[in-house]
Structure formats: C-alpha cells, structure tokens
Amino acid sequence: MLQLKVIGTEDVPHVLALQAQCYGPEFLESAEAFVAKLDAARHLHCSYLAVEAGEPLAYVVSLPVDDGQLPALDAPSIAPARAPRTLYLHDLAVSPAGRAKRLGHKLVQQVVHRAQDMGLTQVALVAVQGSRAYWERHGFSDAEAPLSAALIEKLASFGSGATLMRRSLTPV
C-alpha cells in the first residue's frame with residue numbers, strides 16, 4: 001500500500017538515493033542542502049516521501065518563500081520565510097518504479113493542496129533537464145519578466161535552460 005509521509009531528516013539518505021536515480025551529476029545536492037530546506041519549513045509538512053512496501057519510490061521537497069526569494073541549487077543554508085505567499089517546489093524525483101504509479105502527479109497535487117491549505121497564492125519551481133512541458137501539463141507557466149537581478153543569479157545556479165515557472169492558486 002502506498003504511503004505519503006512527511007520527510008524528516010532521517011529520510012535524507014532515501015532522498016539522496018532517489019535524486020541520484022533521476023538527475024544528472026550537475027543537479028545533485030548534498031545532504032546538508034536538503035536538511036537546510038527541511039529546516040526552513042520545519043513543522044509545516046510540505047515535503048513528502050512516497051513509500052510502498054518499505055521502498056522509497058519518490059519524493060517532493062517544497063518550502064514557503066518570501067517574494068523574490070529562491071534558494072540556489074545546493075544552498076547550505078536557507079532563511080525561513082517571514083511573509084510567504086509562495087510555496088516553492090524545489091525538487092521532485094520519481095524512481096522508474098514510481099513513474100508507472102503516477103507518483104509525480106500525486107506528489108505535485110499534494111504540494112498544490114498543501115499550499116492552498118496554507119493560504120498561499122502560488123506554487124513556483126525551476127524547471128530543469130527539459131522538464132518544462134511536464135510542468136506545463138500540471139498548470140505551470142513561465143514566470144513573467146522582468147526578474148530581479150538576485151533572482152536571475154540564483155536561477156543561474158541551476159544551469160542554462162533553467163526556467164522559473166509559477167502556478168496561481170485559487171483559495172479553497
């Protein structure tokens with residue numbers, strides 16, 4: 001039976017193993033970076049691990065951010081948001097076994113519902129590895145220009161071709 005559990009720091013080794021299955025070496029983040037993201041959203045329950053029969057199959061890591069805030073790739077520390085309006089979906093990784101179960105879709109829906117429950121107005125993400133069309137199917141579109149210089153700099157940490165995308169939310 002599939003279980004979606006809130007990710008804790010004890011789950012970071014599973015996150016790292018799934019990440020290695022799904023991303024090229026230029027996108028691999030350290031355990032320290034994942035712990036920083038989890039700490040920035042401590043007790044908000046917005047990052048999830050999909051487990052079936054004890055096997056981790058997928059995860060999503062998200063955290064609330066202030067306007068214009070975007071953690072750089074592999075950032076070793078992140079300040080918690082003060083007045084968030086956005087839930088930033090930092091990372092989604094689905095193992096080959098999890099793809100057949102549409103776990104990516106389930107985890108994205110979980111994040112969207114959590115953002116709505118938190119009263120946030122949008123979900124944002126950085127599309128990498130040619131994933132833009134995937135995110136468009138989930139209701140995301142390119143962020144409108146102009147972007148601040150600080151945001152452009154952080155976006156650059158994800159490599160060329162990285163695209164900031166947003167999805168507006170309707171209140172529940």
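The legends below describe close-up views of a predicted model. Residues are numbered from 1 along each chain as its sequence is written, and side-chain values use heavy atoms, leaving out hydrogens and water. Because the model is predicted, local features need pLDDT of at least 70 and side-chain atom pairs count only at pLDDT 80 or more, while totals for chains, interfaces and linings use all residues.

View 1. Strand β3 covers residues 55-65; strands (E, at least two residues) and helices (H or I, at least four) are DSSP runs, numbered from the N terminus. Strands pair if DSSP finds at least two bridges between them. Strand β2 (residues 48-52) runs antiparallel to β3 and is joined to it by five bridges. In this pairing A50 stands opposite A58 of β3. The hairpin of β2 and β3 has two residues between the strands, and A53 takes a positive phi near 50° there. Strand β4 (residues 86-94) is also antiparallel to β3, with eight bridges between them. Y88 in β4 is the bridge partner of L63. Ten of the eleven residues of β3 are buried, so the strand is largely enclosed by the rest of the structure. Buried means under 20% relative accessible area, exposed means over 50%, and partly exposed lies in between (1.4 Å probe, protein chains only).

**View 2. The largest nonpolar core.** A nonpolar core is a set of buried Ala, Val, Leu, Ile, Met, Phe, Trp, Tyr and Cys residues joined through side-chain atoms within 4.5 Å. The largest one here has 56 residues, and those with the most contacts inside it are Y59, L89, L92, V123, V126 and W135. Strand β3 gives the largest share of this core, seven residues. In soluble globular proteins, nonpolar side chains tend to be buried together.

**View 3. The surroundings of L89.** Contact means heavy atoms within 4.5 Å. Leaving aside neighbours within four places in sequence, L89 is in contact with V60, V61 and S62, with V108 and V111, with V123, A124 and L125, and with W135.

**View 4. Aromatic rings.** The structure holds four aromatic pairs. Rings of Phe, Tyr and Trp (its six-membered ring) pair if their centres lie within 6.5 Å; planes under 30 degrees apart count as stacked, over 60 as edge-to-face and the rest as tilted. The pair of Y23 and F27 is tilted, because the ring centres are 6.4 Å apart and the planes are at 55°. Y23 is buried at 18% relative accessible area, and F27 is buried at 10%. Y134 and W135 make an edge-to-face pair, with centres 5.0 Å apart and planes at 85°. Y134 is partly exposed at 25% relative accessibility, whereas W135 is buried at 7%. Y134, W135 and F140 form one aromatic cluster.

**View 5. A lysine over a ring.** K37 lies over the face of F34, at 6.0 Å from the ring centre. A charge sits over a ring if NZ of Lys or CZ of Arg is within 6 Å of the ring centre and within 35 degrees of the ring normal.

View 6. Q109 is in helix α4 (residues 103-117) and is partly exposed, at 23% relative accessibility. Q109 and H138 are 29 residues apart in sequence and 8.7 Å apart in space, C-alpha to C-alpha. C22 is buried at 18% relative accessible area, and C46 is buried at 3%. The whole structure has zero disulfides, a disulfide being a pair of cysteine sulfur atoms within 2.5 Å.
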